[in-house]
Amino acid sequence: MPDQALPVLDVRGLKTVFRTRGGEVHAVNDVSFHLRPGELLGVVGESGSGKSVTMMSLVRLLPSPPADIRSGEVMLQGKDILKLRDEELRDVRGARVGFVFQDPMTSLNPVFTVGDQIAEPLIRHKGMTKAQAANRAVELLELVGISDARKRLSAYPHQFSGGMRQRVMIAVALACDPEVLIADEPTTALDVTIQAQILELVKDLRQKLGMAIVWITHDLGVIAGIADRVMVMYGGQVVEQAPVKELFTNPRHPYTRALLKTIPSLTGHRDARLQVIEGQPPILTAAPTACPFRPRCKHALDRCDRENPQRRALDDRPVGHGHDVACHWTPESADV
Amino acid sequence: MFDAAPAQPLVQVRDLKMYFPIYSGVLRRKTGDVKAVDGISFDIFKGETLGLVGESGCGKSTVGRALLRLYEPTAGSVSIGGTNVLSLGDEALRKTRPQMQMVFQDPQASLNPRMPVAAIIGEPLREHTDWDGQKILARVYELMDAVGLNRKFANRYPHEFSGGQRQRIGIARALALKPKFIVCDEPIAALDVSIQAQVVNLLEDLQDEFGLTYLFISHDLSMVRHIADRVAVMYLGRIAELSPRDGLYARPLHPYAEALLSAVPEPDPALARSRQRIILKGDVPSPANPPKGCNFCTRCPKVMDICRQVKPELAEVEPGRLVACHLYSEKTAAG
């Protein structure tokens, strides 16, 4: 993955606000990131950090109202998809940008066969005939490791186990050879041994197909195993972004540092007590004027109350390309 | 539990079975059983935390509920503090309830949305004591202090709290009657990573303070390594391995325990990429129709002929380590 390669997806200054009876919720606040061809970007954050809303906003999957994309650009191969008309957008969704969601039971339609659901985007987007689509569906099911694929076409989702349903979801998402695959907590609802199967499958598919993937999760363990680059979100913002090894060996944002310490390890040293992050995640009722992590931060400075920190590069590469962090504090300033 | 004197088991479970009947056909006749828990035995020592791990559908939650007789087990015996819980009549059972309590997975679903916090925490006291309102309220405040909830919130309703705080309410309720034994059924599964550590630390503090004994049911193997003294690994209604924590995590003996541990993703990129994983093929068979012989034989990477014929018994293969696997039985070693 050469650094210079033009990004497949380039998101700039995305802002999404929900208008509710109780007032506005600023779910995504000035999020920028890009995705290079063949790259896997891991997005980590807790519930409410804005990671899913960011990805749903990309192809306007959120109902509006209440969701309102206030500003930002989403450039897919150089074209802003937020400016597309609805029917143009339909050619993007499912065809050029594929989605895999967390719960395979609710995202597959229970009254259609698995074969129909894989064939649907092929007929809709690729103009295939039913027979062509069925043949391609068999190939796709084989690709995601479902045996006896031809027979399984006429099966319904409830006849499949959770892991197999998630394989079907991946087959649906891959049907039209999307340029970008967005996977939103795709293994969270699965057991660890089944999760391990799916992770192996994704690694394998990446080598075969070379598509760019955004992988949303709260599980740092999953990220460590598959991501090239990681973006950490908190309170609707990107707080840190770095290549995966750099993030785990040299985390710079106090939230990332604390998060890495709160998870107990499976091997190695076992602490008598777990480290905790005191307090609760913020509720984002207004555009932030202070750092959203401020109330829970061990290193907070006076400045953090007045000024929401901008992302700044920690190496000689521009923000978003190397290691960057949105924080006023530096480990060096602790000594002063 | 590391005293010189041998620890006393507080909870003794022997050959516990919990079958749920399957009815089918026009006449709704019983045509089979889902063998959710199929003959398991273990002890939990006083002051100890026994971790119970396994994947969804392995029967771990059913074990927790059957121990407290929230289900009526099909067979077996459960003794808690010397009382055989399964043979008690309704009134006697009600009298022993204060000794054994439960913390549930979903604090949203296990708290009555129409009751304020003080009423929720005080309910077991109104049910099981003859205390007046003032005495109950004093105890409720004491409990709220113990679990780290602000007394000022006593008149608020569950929806006004975050997930982590709601779990604290559930824990305070479980503690109200000063139980000896608490079943924690996935108490942190519904919480965010940064909140999980807060709740686990609280559970450990309360254990030290009140000398509690826990059965900690979870699918999170790293958290169980942190909190448990011994760990039982369940697969399809049976215990595959029951070992002290350090032994199990350093060197799992049962092939399923080994595969399960190897499947857990480690938050360390260098380790994650170098580690050799055991990827199990296929899915867990249905507990309504478990395989003959060892229930893991359909997915086991080390399966032998005998595994498809004979059910392995849970036996001590090393001091303190119980494993149900033919790899360790003398018969196969000799033959």
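1. A pocket here is an open set of points on a 1 Å grid over the protein atoms alone, with protein on both sides within 12 Å along at least five of seven lines, and lining residues have an atom within 4 Å of a point. The lining has 28 residues, and the closest to the pocket centre are A:Gly94, A:Gln117, A:Glu120, A:Pro121 and A:Val172.

2. Please keep in mind that this is a predicted model: local features need pLDDT of at least 70, side-chain atom pairs count only at pLDDT 80 or more, and totals for chains, interfaces and linings use all residues. Residues are numbered from 1 along each chain, chains are lettered from A, and side-chain values use heavy atoms, without hydrogens and water.

3. Helix 4 (114-126) of chain A is among the elements supplying at least two residues of that lining, and with nine residues helix 4 gives the most. Helices are DSSP runs (H or I, at least four residues).

4. Turning to the interface, 48 residues of chain A are in contact (heavy atoms within 4.5 Å) with 41 residues of chain B. A:Thr193, A:Leu266 and A:Arg270 supply 20% of the area that chain A buries against chain B, more than any other three residues. Buried area is the accessible area (1.4 Å probe) that two parts lose on being put together, summed over both.

5. One salt bridge is counted between the two chains: A:Arg273 pairs with B:Asp205, with the closest N and O atoms 2.6 Å apart. The criterion is a side-chain nitrogen of Lys or Arg within 4 Å of a carboxyl oxygen of Asp or Glu.

How values were computed
On a 1 Å grid over the protein atoms alone, a cavity is a set of points where a 1.4 Å probe fits but cannot get out, and a pocket is an open set with protein on both sides within 12 Å along at least five of seven lines; lining residues have an atom within 4 Å of a point.
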